[in-house]
Protein chains: 2
Amino acid sequence: MDKVYLDDLAPGQVFTSQARVVVETDAIKRFAGEFDPQPWHLNETVARSTFFKELVASGWHTTALTMQLIIQTLPLSEGIIGRGVDELRWPRPVRPGDTLRLHCEIIDVQESKVRPSQGTVRVRMTTLNQDDQPVQTMIAQLLAFRRSGEAT
Amino acid sequence: MDKVYLDDLAPGQVFTSQARVVVETDAIKRFAGEFDPQPWHLNETVARSTFFKELVASGWHTTALTMQLIIQTLPLSEGIIGRGVDELRWPRPVRPGDTLRLHCEIIDVQESKVRPSQGTVRVRMTTLNQDDQPVQTMIAQLLAFRRSGEAT
């Protein structure tokens, strides 16, 4: 992928992942065991008697897997440096065996008034499953650099 | 911890973690290797010539570690079920050896109009390092249940 600079970005541009991530049952349980040890992320049988009624991935596992996809989708010149995230939602669960991909749309590009070599790009990021249903949506604020003024 | 129901929650209430999480260098690199393989999360030497100038944890690693603290801090009756997150920010980096703790403040409690047994609680969650500096802030929307109408 060619590197993309602040100068190249404009609202409406779309980046979609070539990459796919398959969410394995073992990975769901391993992530949950370390970070989110609640029964609906750990054990199929116990999960049946919970709110979710089945084993589902932690929302924070979905964000982490989405980060993996972002890096492969959005070729910002200096990498993916997040300032923050707004409106993070998980409209439906991620289930064992789901295959995830990413759709990114640039919604806003702001040059920094203080540091002219930098700016902030707001990107609507939608993580989709194999049935093209959104499992996660968020608006990420990313740091981007001018072609003439790289970070390093 | 006694279980907490929707009925028990009100704006202004504070929950702070007894638990602490130490962020080890190996854990930073392991998480990054799987989900966020960028040089400033993987290698101390290479990190020096990047925007961050040092090895730092992935923001998504910080959210995952924060989830670990949330479970130990907020004793909601049916567990921590997130509807979404707003205003997620990482005001300063998490560095190897940092010790994290969590401060939660209830900012809003809304009963569901559709399902009277449920409601949504908005919680301002601040993840602090050993110097009491915020390394992450967010407003989480969590599902909560009435004492008389549990989920299961």
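Tutor: Begin with contact: two residues are in contact if their C-beta atoms, placed from the backbone, lie within 7 Å. Two notes on the source come with that. This is a predicted model, in which local features need pLDDT of at least 70 and side-chain atom pairs count only at pLDDT 80 or more, while totals for chains, interfaces and linings use all residues. Residues are numbered from 1 along each chain as its sequence is written, and chains are lettered from A and ligands numbered from 1 in the order in which they are written.

Student: How many residues of chain A are in contact with chain B?

Tutor: In chain A, 29 residues are in contact with 29 residues of chain B. To say where they sit, we need elements: helices (H or I, at least four residues) and strands (E, at least two) are DSSP runs, numbered from the N terminus. On the side of chain A that touches chain B, the elements giving two or more residues are α3 (59-73) and β3 (82-89) of chain A. The most comes from α3(A), with eight residues.

Student: Which kinds of residue make up that side of chain A?

Tutor: Ala, Val, Leu, Ile, Met, Phe, Trp, Tyr, Cys and Pro count as nonpolar, Asp, Glu, Lys and Arg as charged, and the others, Gly among them, as polar. On the side of chain A that touches chain B, 14 residues are nonpolar, 10 polar and five charged.

Student: How are the two copies related?

Tutor: Two copies of a chain are related by a rotation about an axis and a shift along it. The same surface serves both copies, as 100% of the contact residues of chain A recur in chain B.

Student: In which sense do β3(A) and β3(B) pair?

Tutor: Two strands pair if DSSP finds at least two bridges between them. β3(A) and β3(B) (residues 82-89) pair in the antiparallel sense, over four bridges. A:Leu88 stands opposite B:Val85 in β3(B).

Student: Which strands pair inside chain B?

Tutor: β4(B) (residues 99-111) and β5(B) (residues 118-128) run antiparallel, joined by 10 bridges. They form a hairpin with six residues between them. B:His103 has B:Thr126 in β5(B) as its bridge partner. β5(B) also runs antiparallel to β6(B) (residues 134-145), with 11 bridges. There B:Gln118 stands opposite B:Phe145.

Student: Which residues of α1(A) are buried?

Tutor: A residue is buried if 20 or more other C-beta atoms lie within 10 Å of its own, exposed if 12 or fewer, and partly exposed in between, with C-beta atoms placed from the backbone. In α1(A) (residues 25-35) the buried residues are A:Ile28, A:Phe31, A:Ala32 and A:Phe35. Seen down the helix axis, they fall within an arc of 95° (taken from the directions from the axis to the C-beta atoms), so they line one face of the helix. The face turned away from the buried side carries the exposed residues A:Asp26 and A:Gly33. The cover over the buried residues of α1(A) includes α3 of chain A together with α3 (59-73) of chain B.
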